[in-house]
Every structure is written in structure tokens, then in C-alpha cells.
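Hi,

Here is the structure I promised to pass on.

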Amino acid sequence: MQKHDSFDDFTPLTPTAAIAPATHGWRAKCLQRLIRLDLPVPATVALPASTVRAIAAGHPVDAEGILAHFGPAPLVSVRPSPENPDWGGPSTILNVGLGPALHARLSETLGPEAADTLFLRFIQGYAIHVARLDPDLFDGLTPGPEGVRAALRAYEQETDEPFPEDPARQLAEVLRTMARAWEGTTARLLRQAKGAPPEAGLGLVVQAMAQGFGPGCSGSGVIQFVDPVTGLHRVTGRYLGQSQGRDALRHRGAIYLTRDPRGPSLEELSPDIFADLLRHGEVCRRRLREEMQIEFTIENGALRVLDAVKVQRSSRAALRIAVSLAEDGVITRDEAVLRVEPRALSELLHNQVDPRMPRDRIARGIAASPGAATGRIVFSSAAAQASASRGEPCILVRRETAPEDIRGMHSAAAVLTERGGMTSHAAVIARGLGLPCVVGASDLRLDTRDRKFVTADGRTFREGDIITVDGTAGEALSGAPEMLPPALDETFHRLLSWADAVRDIGIRANADTPADAQTARDFAAEGIGLCRTEHMFFDEDRLVVMREMIFADTSKDRAAALARLLPMQRDDFAQLFDIMHGLPVCIRLFDPPLHEFLPHSREGLRELAEALDRPLSEVTRRAEALAEFNPMLGMRGVRLGVVLPEIYDMQARAIFEATAETARRGDPVVPEVMIPLVSARREVELVKTRIDAVAAAVRVKSGVDFDYRLGVMVETPRAALRAGEIAQHAAFLSFGTNDLTQMTYGLSRDDAGRFMNTYVNEGVFPEDPFHVLDVDGVGELLHIGAARGRATRGDLTLSICGEHGGNPESIAFCRRENFDYVSCSPYRVPQARLVAAHLALQDRRNPAPG
């Protein structure tokens with residue numbers, strides 16, 4: 001039967017009833033599927049969202065008509081059924097319809113103790129959730145005749161009316177309460193935070209109670225068939241005799257489901273029922289195409305399935321479950337790829353704090369780089385290096401990091417900063433290194449002089465104390481909690497191989513060191529899209545030579561200093577080529593301003609003067625002369641290559657000598673040489689002329705013929721606008737979206753964090769443009785540059801290599817613009833591969849019109 005009154009529409013669940021998640025919610029649809037699978041589901045009636053919304057608005061509900069489906073003495077539960085289970089909903093209310101008459105009947109069938117327990121529970125639940133009485137009024141009441149009388153008395157005293165006995169009135173009030181709870185402001189904000197649209201509705205299901213009390217084998221439990229943390233096949237859950245609902249998960253007296261040396265189990269108590277549960281679980285897995293958690297009740301030896309929900313799972317479990325379902329033929333490989341959330345992959349690449357363990361949080365900030373690490377606190381890069389030399393893991397704690405902290409970050413197990421955002425120096429470098437990192441932990445009070453910090457709750461932590469940085473959650477924890485290791489097993493690689501089979505854009509990695517390159521290879525990057533050579537010069541032995549070059553008075557002296565760096569650079573590139581085994585390697589020539597390689601303190605300048613055997617006054621004067629008002633827009637990038645060409649000459653020679661050396665070993669490579677910060681065609685012409693000359697000289701000297709590709713890093717708006725003429729001398733254009741965003745907006749990414757939250761909250765920017773690519777503004781420059789570049793040169797290779805490279809929004813944009821590849825930090829390569837596959841599969845399912 002189905003009623004069709006405009007406000008009192010409800011539907012008994014049958015295999016053929018018109019039930020849909022959009023109208024009746026996920027729970028109603030899931031229960032219908034269980035009925036179709038012949039699982040023993042109690043009688044159920046579903047109310048659509050339209051009816052629930054009308055009830056909330058004050059329209060009457062045909063409670064008697066609903067209860068007519070449950071026999072002459074109805075006893076039911078009411079459960080929420082939103083369209084998406086993640087949106088939550090009001091609490092389930094059990095035993096609706098229980099009054100003195102039914103209580104007396106249950107006393108005869110179930111026994112007085114069970115009947116009193118059920119009645120007292122219902123009175124308490126109704127009083128608290130429906131009548132909105134203070135829970136303290138019912139604390140301390142124990143099941144039994146006196147407890148029931150005390151509860152009824154407390155209800156009447158507070159409401160000035162006796163407890164309602166009419167089942168229809170009880171049900172009507174429960175439905176109205178749950179409907180209005182869904183429409184409340186707090187509930188609306190909570191579900192919208194989980195992605196629900198403002199107009200999201202709530203369905204409700206009314207289900208006959210299956211009593212887990214009484215004679216014989218009676219009780220309730222929950223069972224699932226995979227481990228929620230690892231995803232491995234394992235029966236878990238609990239069963240509790242003489243109980244109902246989800247009591248088994250809360251009660252210490254609950255027993256195991258499978259045989260267990262630690263105590264009794266349902267498998268031993270009732271092997272037939274346990275076998276039925278296993279069979280039901282397998283049917284759900286095959287037919288619902290998902291790993292389900294089943295809530296069940298046993299009533300005097302008869303099994304009832306009350307509900308089935310998708311197993312809550314960690315990221316590693318989600319991946320393993322998807323692959324397992326595909327390998328068993330339950331779902332396709334493409335569907336398995338789509339079921340794994342790309343952002344969650346980052347959790348699998350690093351250690352993670354075990355979610356089952358307690359956490360003692362001492363600070364909260366921005367989750368800048370995923371993973372977790374434990375170590376002793378250090379407050380300087382020197383201390384981090386010293387700790388690493390002793391083999392002791394450490395956590396580098398800084399107000400914010402700077403380029404001179406790179407060696408300390410290399411030595412640390414994790415980084416924690418008081419300031420900064422997603423695109424701060426610490427965040428960008430940590431993601432590149434695969435270091436757990438939390439930035440913007442502004443509730444810390446850092447005292448670097450006394451080498452300590454004070455937390456918001458007043459605790460003091462000093463250098464040497466042990467803490468843990470959870471870069472996935474954006475938290476710092478006291479002590480050393482239990483960790484889960486990375487999940488880079490065969491399952492991980494198998495899913496990504498399925499993703500690679502369908503994606504249609506290349507994925508490279510940004511890699512500055514051999515370690516980065518090896519990580520890129522391990523994650524199946526298709527080459528190096530950005531090798532920032534300046535990071536190679538911060539090692540102590542090279543830094544001294546760099547400083548000698550900076551203080552050289554003549555071109556000849558500069559060349560002599562750089563000649564000492566040549567073999568070091570050649571070895572760097574040779575290692576990269578060896579690791580990448582013929583895959584493309586794009587090397588960006590020297591980019592930063594020279595002052596970054598000089599000390600900033602007077603003590604550091606004094607030490608430099610001693611090392612160079614020059615007067616302190618001269619060193620100070622030269623350092624001051626190199627200082628710039630706006631160094632990021634000053635003497636850097638190609639401008640250095642034009643004004644001080646010896647630097648690029650040395651780097652080009654190192655690249656080509658390494659290329660020749662690699663070719664001699666039978667593993668030829670075609671290096672890609674990239675000129676940074678170009679804004680004019682003439683800059684490219686000048687640099688290209690010298691690089692071509694160096695290449696010719698190396699070919700003659702080595703006797704090895706090799707090719708190379710010269711390209712431009714598009715980081716200025718003018719380069720994007722003039723890409724057509726720049727492409728005359730470039731085989732590729734790689735858009736550096738970090739600097740391009742800075743210059744397009746006129747913002748410093750290192751300073752924008754001070755006001756960016758306000759701008760986003762006020763709707764000035766939809767997102768932080770340094771974190772999510774600005775498709776409308778910066779994206780239009782990319783579109784113009786790509787179109788004009790390819791109009792000049794049809795075979796022009798296009799890519800982006802900024803921090804945006806691994807973001808889903810950026811990859812989607814690059815696919816639309818027919819870019820050849822994106823390049824991101826090595827630890828974001830797996831995510832980028834999966835994102836690209838998702839986008840390709842979504843296009844197949846929803847092809848563009850025309």
C-alpha cells in the first residue's frame with residue numbers, strides 16, 4: 001500500500017517499491033537492496049524528504065497509517081536516511097510504541113527484567129530527545145519496576161502531563177522532532193561543512209523492532225569483514241546478549257564474533273547464525289559491490305538484519321578494498337580507480353599516526369606536507385645537522401624557514417613553524433623533500449633565545465624534548481605515539497598502473513637531487529620536469545666556492561671559481577641521468593639572486609671575511625651592494641645569465657659533459673635546458689647563442705654527438721603575452737605558476753598569508769591563488785601563451801612546473817588546454833597520476849557536447 005497525500009506520503013519497503021536515494025535517502029535504498037537479496041530485514045516503511053520537510057513545517061503526519069503496517073501492537077524504531085550517509089542526521093530512537101499495555105505483554109513473553117529495561121530506555125530516550133528534558137533527571141535509574149516508575153514520575157513532573165501511551169502520538173512526536181532537528185541551524189552548518197547542499201533533505205525509515213532480549217539466544221551485534229585501518233580481510237565486530245541497537249560496541253560484556261583465545265565468541269555460541277552472517281556479508285559484497293558493516297539482532301535464535309552501511313575506512317584500507325573488489329571481478333578496474341580519492345594517496349606514502357591510538361595535541365596549524373615523524377626538538381639548522389650526524393631524528397622548529405635552512409630541513413625528520421601558509425618556504429620545500437610539515441602553528445609562543453616554546457595550554461617544551469609532527473592532520477603531538485608504516489605495497493602500485501592505462505597527460509617530477517630523482521622513479525614519474533640547480537649550491541663545500549665567485553672582481557676570476565664547481569655540477573647531472581635511464585630531464589639554469597648565498601648576520605659576514613681573506617669592511621660593502629629592494633624582481637634568472645654569462649656557461653658545460661659521459665656508457669639522454677624568468681625574445685637569443693657554442697665545444701672535445709632541447713620557463717606575464725616570438729627559439733615552454741601568480745597579482749607568496757584568509761573569507765578571492773591555480777586570471781595567461789606559442793611552432797611542448805602542478809584543478813586545466821605534462825614534487829606524483837586518470841574516466845562517462 002502507498003499513500004499519496006501531499007504531506008503524508010510514505011512507502012512500505014518491498015523489492016519493487018519506488019525508492020531512490022535522492023528522495024528517500026541512502027538508508028531506505030540500502031534496506032530495499034537488502035530485501036531484494038532476501039536478507040531477513042524487519043518490516044520497514046520509508047518517508048521521503050518531502051514528507052519530512054512538511055512535518056518540520058508543522059503539517060500533521062499520518063502516524064496511524066504508518067503503524068498499520070506493523071500489526072496490532074506495533075513497536076518500531078525510527079532512523080535517519082539522508083541522501084549521503086556522510087551528512088549525518090538525528091539520533092535513532094528505538095522502541096517507539098511502548099506503553100504500559102505493551103510493557104505488560106512483553107513482561108510475559110520476554111520476562112519482567114527485559115521488559116523493564118526496554119521501557120526505561122524508551123522513556124529516557126523519548127524524554128531527552130523528544131521532550132527535551134535534562135538528561136540528569138534520569139541519571140542513576142536502574143532497570144526494574146521502581147526505575148520505570150521513577151522515570152514516569154520525573155517525566156510528568158517536568159512536563160505537567162503523563163507520559164504518552166498512544167503509539168501513534170509517540171511516533172508523530174518522534175518524527176516531528178527528528179524532522180525539526182534536521183532543519184536546525186547547527187545541523188545545517190555541520191552537513192554543509194561535509195559537502196551537503198543547502199537544500200539537502202532528510203528521509204526517515206520506520207522499522208519493526210527486533211528484540212534482542214528474551215529467552216534463547218537473543219542479543220545484538222555489529223559485524224564487518226575487513227579491517228577498517230588496513231583493508232585486509234578480517235571478521236571484526238562484537239555481539240552482546242540481551243541487548244539491542246549498537247550496545248555491543250559500547251558494553252564491556254560484549255563477546256567476540258570469531259573464535260578467540262581471549263574469550264567466548266558468537267561462532268561458538270551459535271555457529272549456524274555466525275555462518276548465516278558470513279553468507280550475508282558475502283552476498284552484500286558481491287551484489288552491493290561494497291564492503292559492508294551489518295547491524296543485526298538475534299531474537300530467540302532468529303537472525304534479523306537491521307541495517308548495512310559501507311565500512312568506515314582509512315585511506316590505506318580504501319585503496320586495498322577497491323583493488324580487492326576489482327581483482328575479484330566485483331567491480332571493474334576503472335571503477336576501482338575512481339573509488340580511491342587522489343588526495344588520500346599522500347597519506348600512504350609516509351608514516352602515519354595510528355588513528356586507533358590516543359593523541360596529546362600541543363599545537364594546531366596548517367597541514368602543509370603529509371606524513372608523521374617523531375624526534376627531539378631543535379631550533380636551528382645547525383642543531384638539526386648535528387642531530388642527524390648522531391643518528392638522532394629531530395623536529396626542526398622555526399618561526400619560519402629561509403633558503404639557508406634547507407640543509408637543516410634535509411637533516412630533520414619533520415618541520416614545525418609558527419608562521420606561514422601552504423605556499424610558504426617551509427611548506428614548498430617540505431613537500432618537495434617528502435617531509436611531514438605543519439606551518440602557521442600560531443598558538444605556539446616560540447623563544448629561540450632560550451630554545452623553548454610554550455603551548456596554548458601553558459606547557460613548556462625545550463630543545464631535546466620529544467614531539468611528533470602530524471603533517472596529515474596539521475597537528476603537533478607530545479611524545480611518540482604509535483605509527484603506521486607507509487603502504488607502498490603491490491596493491492598501491494597495481495592501482496596506479498590501472499590509472500596509468502587510462503590517463504592522457506604526462507606526469508613528471510620536480511627533482512633537485514639524486515635522492516629526489518630516485519623518489520620520482522620509484523613513483524613512476526615520466527621524467528624530471530624541473531631541476532632547480534641552485535639548490536645544489538647550498539652544500540658547505542660548494543657554498544664557499546659560490547661566495548668566492550660572487551666576490552670575484554673580473555670575469556676571469558669568476559670563471560676560475562666556477563671551474564671548481566664544474567666537476568661537482570657535472571657529477572650532479574650525471575647522477576640524475578643515470579637514475580632516470582633515458583627519461584627526459586629538464587634542468588633550469590641558475591635562478592635566485594646572488595645575495596641569497598651570503599650570510600645575513602654580522603657574525604656570518606665576519607666568518608666569510610676570514611674565509612676569503614678580505615677585510616670585513618669590503619665584504620660588508622659588497623654584500624650591501626648586492627642587496628635589492630625587491631630581490632624577486634631584481635637581478636635573477638636570465639638577467640644573471642646575460643650580465644654574468646660565466647654562470648650559465650659553466651652549467652651548460654656541466655650538463656653537456658654529463659650527457660656525453662652518459663652516452664658513452666650506452667644510455668643516451670636528450671637533456672632539456674630551461675632558461676628562467678624570461679620576459680623578452682632577445683634574452684633567449686643571447687643565452688641560446690652561448691649555450692649552442694658550449695654544446696659545440698663539448699661535442700668536439702668529447703667526440704660524442706648528442707642533442708639537447710632548449711626551452712623557456714614562462715614566469716612573467718610579458719613572456720606569456722609574447723610567447724609567439726619567444727617560441728621561435730624554444731622547443732618547449734614550461735609555465736612556472738609560482739612566480740607567474742606573484743607577478744600577475746602583484747603579491748608576494750611569502751607575505752600574502754598575513755591577509756589571505758581575510759580575502760578568501762570576504763570573497764575577494766575564491767581560494768588562495770598560490771594554493772589553487774587561478775584559472776580565470778593566471779589561467780588566461782597560460783591559455784594565451786600556449787595558443788600563441790603553438791601558433792608559431794606546432795610541435796611546441798607545453799607544461800606547468802610550479803607548486804600548482806600536482807593539484808587536481810591545475811591538471812584539469814592543463815588537459816583542457818592540451819598541455820603535454822605537468823610536473824610536481826616527487827611525493828605528489830602518485831596523486832597526480834590518479835587525478836589525471838579520474839579526469840579521463842569522468843570525460844568518458846560524461847563526454848563534452850559536440
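What share of the contacts in the protein chain with a separation of 6 or more comes from residues 24 or more positions apart? Such residues account for 68% of them, where contact means heavy atoms within 4.5 Å.

Some ground rules before the rest. This is a predicted model, so to speak of local features I needed pLDDT of at least 70, and side-chain atom pairs count only at pLDDT 80 or more, while totals for chains, interfaces and linings use all residues. Residues are numbered from 1 along each chain as its sequence is written, and side-chain values use heavy atoms, with hydrogens and water left out.

The overall picture

The protein chain has 33 helices and 30 strands; helices (H or I, at least four residues) and strands (E, at least two) are DSSP runs, numbered from the N terminus. Along the principal axes, its C-alpha atoms fill a box of roughly 105 × 65 × 55 Å. Of its 850 residues, 56% count as buried. Here buried means under 20% relative accessible area, exposed over 50%, and partly exposed in between (1.4 Å probe, protein chains only). The chain exposes about 35500 Å², with carbon and sulfur atoms supplying 49% of that; accessible areas come from the Shrake-Rupley method with a 1.4 Å probe, and for residues only the protein chains shown count as cover.

Salt bridges

There are 71 salt bridges in the structure, each being a side-chain nitrogen of Lys or Arg within 4 Å of a carboxyl oxygen of Asp or Glu. One of them joins the side chains of Arg27 and Asp307 at 2.7 Å, N to O. Arg27 sits in helix H2 (residues 26-36) and Asp307 in strand S9 (residues 302-310), so this pair ties together parts that are 280 residues apart in sequence. Both residues are buried, and they belong to a network of salt bridges that links Arg27, Arg79, Arg246, Glu295 and Asp307.

Arg622 and Asp553 also meet through their side chains, at 3.0 Å, N to O. Arg622 is in helix H23 and Asp553 in the loop between H20 and H21, so here the parts tied together are 69 residues apart in sequence. Arg622 is partly exposed at 22% relative accessibility, whereas Asp553 is exposed at 52%. A further salt bridge pairs the side chains of Arg356 and Asp354 at 2.9 Å, N to O; Arg356 is partly exposed at 48%, and Asp354 is buried with a relative accessible area of 7%.

Helix packing

In helix H20 (residues 540-550), the buried residues are Arg542, Leu543, Val545, Met546, Arg547, Met549 and Ile550. They pack against helices H16 (406-411), H21, H22 (602-612), H23 (616-626) and H25 (645-664).

Helix H29 (residues 737-745) buries Thr737, Asn738, Asp739, Leu740, Thr741 and Gln742. Their cover includes strands S27 (709-714), S28 (732-735) and S29 (797-800), along with helices H27 (717-721) and H31 (778-792). Just after H29, Gly746 takes a positive phi of about 70 degrees.

The axes of H8 (residues 167-183) and H9 (residues 185-193) come within 5 Å and cross at roughly 60 degrees. The two helices are therefore oblique to each other. Ala181, Trp182 and Glu183 of H8 make the contact with Thr185, Ala187, Arg188 and Arg191 of H9. On the conventions: axes are lines fitted to C-alpha atoms, for helices over the stretch in contact, and angles run from 0 to 180 degrees between N-to-C directions. Angles under 35 degrees count as roughly parallel, over 145 as roughly antiparallel, 65 to 115 as roughly perpendicular and the rest as oblique.

Asp160 has a positive phi of about 60 degrees although it is not a glycine. Asp160 lies in the loop between helix H7 (145-159) and H8, and is exposed at 69% relative accessibility. His581, also not a glycine, has a positive phi near 50 degrees and lies in the loop between helix H21 (555-580) and strand S25 (585-588).

Ala131 is in the loop between helix H6 (112-129) and H7, and is partly exposed at 26% relative accessibility. Leaving aside neighbours within four places in sequence, Ala131 is in contact with Tyr126 and Tyr155.

Cheers
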